[in-house]
Amino acid sequence: MKKVLGLSSVALLGVLAACGNNAEENNAPADNAANNNTAENNEASENEEAAADIDYPEGPIEIIVPYSAGGGGDTVARIIGDALSEELDTQVNIVNREGAGGEIGISEMAAAEPDGHTLGVFGYPDNYVLEETGNTDFTFDSFEYLASFDDVPHALFAAPDSEFESIEDLVNYAEENPGEVTIGESGALGLLKILAFEDQAEIDVSPVNYDGGGELINGLLGGHIDIASSSITAAPEIVDAGGEPLGYAAPERLEMFDEYPTLEEQGYDMDLGVRRVVVAPADIPDEVRDALTNVMDELGQSEELEEQFTNADLPYNYLDYDELNDYLNNTNESLQPIIDNNQDDF
Amino acid sequence: METLDILLSTLSPSVLMIVFIGVLIGIIVGAIPGLNGAIGISLLLPLTFAMDPQNGLLLLGGIYMGGMYGGSITAILLNVPGDIVAAPAAMEGYPLTKQGRSKEALYYSIFSSMVGGFLGVLVLILFTPPLANFALMFGPAEMFFISLSGLVVIGAIAGNNLYKSAFAALLGLFVSTIGIDMAAGAERFTFDALTLRQGINLIPVVLGLFCFAEMFLNIGKKANEVITYKDQPIKRMTVIKDIFKHKYLVAKSSVIGTAIGVLPGVGTTLAVFLSYGEAKRTSKRRQDFEKGNTEGIIAAESANNATVGSSMVPLLALGVPGSPTTAIIAGALIIHGIVLGPSLFEQRPDVAYTFLYGMLLTVFAMGIIGAVGIKYFSYILKVRQEFIVPTVLIFAIFGAYSIRNSLFDVLIAIIIGVFGAVFKKTGVPLAPIIIGVVLGPLIERNLTRSMTIAEAQNLPLLQYMLTNPLAIVLLVFVILLLVVVVRMRKKDFG
């Protein structure tokens with residue numbers, strides 16, 4: 001009897017282990033999708049023809065995300081991974097490697113085998129700012145930037161019952177009372193965004209660092225800081241609780257947030273935000289890169305994909321390989337002086 | 001949607017099944033060292049994308065609820081808490097197991113978890129708006145004081161040697177400083193290693209101290225050297241009656257769990273140790289603590305499950321996730337295109353209310369699975385050590401690796417495990433180390449935040465920190481707690 005019980009306990013543990021494995025596999029929402037993609041088969045085979053001379057992909061693809069599960073970057077990676085899996089008819093696994101503001105995961109992407117089976121999704125300019133302000137193992141040129149599907153502008157929010165009703169109010173007050181306005185920020189780009197605004201408006205404020213977006217918004221809604229510097233996607237929650245977006249840093253109003261003003265129209269020339277980029281290690285063979293950019297272009301035309309982004313509150317904006325690389329080079333140039341001017345603050 | 005419709009849909013077979021599956025998964029991941037509810041939720045998150053929002057939410061909510069309890073099973077039976085919040089359950093439950101009273105300990109744990117879990121969800125249903133406003137009152141200063149109270153409570157909790165306890169707490173605080181200081185950007189104790197720059201994650205520390213250390217000490221021991229299997233029968237009703245006899249203790253612990261659970265970023269650990277320390281302070285059988293006092297189990301277990309409901313208050317009321325687990329749940333909602341915040345109850349009452357009432361069901365599912373399962377859980381004690389040690393170690397390594405898919409975390413867990421084994425042999429209490437690791441960043445970050453804001457407002461630091469009446473109340477509370485703990489210690493040790 002004793003033996004039987006012992007065995008059954010061991011068996012129970014075995015079941016636990018099996019559960020662990022299953023759970024691990026569940027990381028890839030794409031598995032199921034890969035099995036019932038008959039509808040997409042035609043498109044997929046076209047792609048295969050285009051890239052007939054190379055065998056890509058050979059086996060599953062891994063997408064590294066340098067942020068935790070459930071966040072915006074993770075959501076983007078999962079949507080793209082799902083679609084990529086259908087298009088390429090292979091399994092796509094999303095691997096979260098968070099830590100050190102994204103540096104851990106981004107380093108790993110740069111060091112991955114450049115065969116197209118390890119890709120990455122991260123929020124540009126996280127990599128650029130990390131590189132310029134720290135001692136990173138990667139540079140901007142460690143990657144091939146394949147495509148980008150969303151652009152989330154940065155925004156400034158006023159606390160409920162705030163005396164600031166516009167950016168002008170804020171700037172006027174800050175001009176008369178240098179250093180008195182507290183602006184909360186979080187994440188690798190948080191400080192940079194505030195410094196960029198300080199440079200642009202020629203004011204001096206006090207940045208207050210928070211550990212995460214949730215804590216930051218809590219601090220704002222409780223009135224413990226005057227302004228929160230976050231992405232415009234936080235607007236619904238903040239407005240619901242009585243806060244107010246003073247402006248967001250996009251060239252023109254986005255359809256998704258057209259009830260709120262941009263900084264541009266209030267006289268501050270700022271185009272700053274996070275663009276989630278799909279990357280591969282730099283030494284990837286040209287044929288594999290072309291195969292991937294072709295697939296990305298296919299995805300870029302998919303209305304279903306756009307809808308998934310919109311449903312997840314992510315402002316959809318597709319840039320193909322060439323457009324993206326132009327965008328990145330331009331943005332690098334405009335970020336450089338902000339970083340150089342404020343080296344001491346980082 | 002009518003209330004009745006919502007209630008009926010909550011009781012539909014599919015919802016009941018989802019709730020059961022969620023809780024069961026939660027208990028399993030909670031029981032496995034190194035895995036916890038948060039990890040279980042992030043693993044199953046993608047599955048919920050294909051479900052109805054309310055079902056997906058309830059699956060995750062069930063995992064959250066079950067995960068808070070599951071850790072106690074391995075804590076009581078093997079002295080290996082599956083999760084940090086089960087550490088007090090190990091401190092009190094394992095001694096009971098050694099006396100052959102494992103079932104009694106397990107019953108205390110499940111029924112206290114149920115009461116705490118139920119009260120937490122009830123508070124979520126009834127008092128979400130006022131509690132959310134209460135949580136918003138906590139700025140950097142208030143957070144600083146409440147975190148300090150956690151450090152003070154170390155004095156009440158562990159050990160019988162002041163210097164060893166103080167050493168343990170300071171060691172924990174030290175470990176928490178490793179990595180990049182986000183406020184100033186300075187690197188501390190990183191030796192230019194990228195892996196150290198991200199700091200030491202809490203889970204490898206917990207695994208090392210509670211799991212590896214225990215297993216290292218058990219290696220090479222014969223089965224009956226560690227534990228002799230005895231099974232003293234106990235009636236469920238006896239335990240339930242005794243829990244109701246301690247109604248003030250249950251109420252107090254659930255209130256502590258609920259109140260701390262509401263605060264964003266503070267976490268369950270503080271709630272659990274605060275109520276455990278409180279239970280010890282007020283107990284008539286204080287000398288029994290760490291020798292198997294059921295009051296310690298009641299306090300800690302009702303507190304940790306009470307945080308499940310209350311930690312969702314800021315999420316539902318403001319759309320602001322207050323903990324890593326609720327942040328992942330928030331992510332699930334956003335994918336479904338559901339806007340969190342006050343408008344949730346107007347725009348999607350079906351989702352909001354099915355979820356709320358369904359969370360009550362998770363409590364009962366947990367109770368049923370726990371109460372029925374206890375008979376079988378205890379059989380684990382009959383397994384010989386040479387099977388237990390490698391199995392637990394494999395799970396622990398898997399758990400440490402799974403946090404960030406990093407071997408570095410496994411290495412950290414093993415190194416800390418060696419230290420933990422030495423500490424256990426030399427009588428250095430382990431709980432204060434964990435409390436130090438958890439509270440270090442909270443205390444430091446909120447102090448630096450306070451300093452920045454005070455400077456911006458041109459106020460002296462102390463004047464800024466005591467601007468709000470709530471901060472003054474909390475400061476008085478910390479001072480009172482300190483006085484009480486010092487007097488208690490004097491009485492105990494002369």
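In this predicted model, B:Pro321 is buried, with 28 other C-beta atoms within 10 Å. B:Pro321 sits in the loop between helix H16 (313-318) and helix H17 (324-335) of chain B. Leaving aside residues up to four places away in sequence, B:Pro321 touches B:Leu315, B:Thr326, B:Ala327 and B:Ala330, and also A:Gly214 of the other chain. A further landmark is B:Leu340, which lies 19 residues from B:Pro321 along the chain, with 9.9 Å between the two C-alpha atoms.

Two helix pairs in chain B show how its helices meet. Packed helices are described by the angle between their axes and by the distance between those axes. For helix H2 (residues 13-31) and helix H19 (residues 349-377) of chain B, the axes come within 9 Å and cross at roughly 55°. H2(B) and H19(B) are therefore oblique to each other, and the crossing is right-handed. On the H2(B) side, the contact is made by B:Val15, B:Leu16, B:Val19, B:Phe20, B:Gly22, B:Val23, B:Leu24 and B:Ile27. H19(B) answers with B:Gly358, B:Leu361, B:Thr362, B:Ala365, B:Met366 and B:Ile369. Sorted by class, the residues in this contact are eleven nonpolar and three polar, with no charged residues.

Turning to chain A, the fold contains 13 helices and ten strands. Of its 346 residues, 51% count as buried. Among contacts in chain A between residues at least 6 apart in sequence, 77% join residues at least 24 apart.

Where in chain A can an enclosed helix be found? Helix H5 (residues 103-111) of chain A is largely enclosed by the rest of the structure, because seven of its nine residues are buried. The buried residues of H5(A) are A:Glu103, A:Ile104, A:Gly105, A:Ile106, A:Ser107, A:Met109 and A:Ala110. Within chain A, these residues pack against strand S1 (61-65), strand S3 (118-124), helix H6 (126-133), strand S4 (143-158) and strand S9 (273-281). Chain B takes part as well, through its helix H9 (194-197).

Helix H6 of chain A also matters for the view of the domains. The domain assignment divides chain A into domain 1 (7-151 + 275-341) and domain 2 (153-272). Twelve residues from domain 1 and eleven residues from domain 2 make the contact between them. On the domain 1 side, H6 and helix H13 (321-341) of chain A each supply at least two residues, and H6(A) gives the most, with three residues. By class, this side of domain 1 has five nonpolar, four polar and three charged residues.

The peptide bond from A:Tyr124 to A:Pro125 is cis, with omega near 10°, and A:Pro125 lies in the loop between S3 and H6 of chain A. Elsewhere in chain A, A:Asp89 has a positive phi, near 55°, in a residue other than glycine. A:Asp89 occupies the loop between helix H4 (72-88) and strand S2 (92-96) of chain A, and counts as partly exposed, with 16 C-beta neighbours inside 10 Å. In chain B, B:Phe189 has a positive phi of about 55° although it is not a glycine. B:Phe189 is found in the loop between strand S2 (187-188) and H9 of chain B. With 14 other C-beta atoms within 10 Å, B:Phe189 is partly exposed.

Technical notes:
Residues are numbered from 1 along each chain as its sequence is written. Chains are lettered from A and ligands numbered from 1 in the order in which they are written. This is a predicted model: local features need pLDDT of at least 70, side-chain atom pairs count only at pLDDT 80 or more; totals for chains, interfaces and linings use all residues. A residue is buried if 20 or more other C-beta atoms lie within 10 Å of its own, exposed if 12 or fewer, and partly exposed in between; C-beta atoms are placed from the backbone. Helices (H or I, at least four residues) and strands (E, at least two) are DSSP runs, numbered from the N terminus. Two residues are in contact if their C-beta atoms, placed from the backbone, lie within 7 Å. Domain bounds come from an automatic or database domain assignment. Ala, Val, Leu, Ile, Met, Phe, Trp, Tyr, Cys and Pro count as nonpolar, Asp, Glu, Lys and Arg as charged, and the others, Gly among them, as polar. Axes are lines fitted to C-alpha atoms, for helices over the stretch in contact, and angles run from 0 to 180 degrees between N-to-C directions. Angles under 35 degrees count as roughly parallel, over 145 as roughly antiparallel, 65 to 115 as roughly perpendicular and the rest as oblique. A crossing is left-handed if the near helix is turned anticlockwise from the far one by less than a right angle, and right-handed if clockwise.
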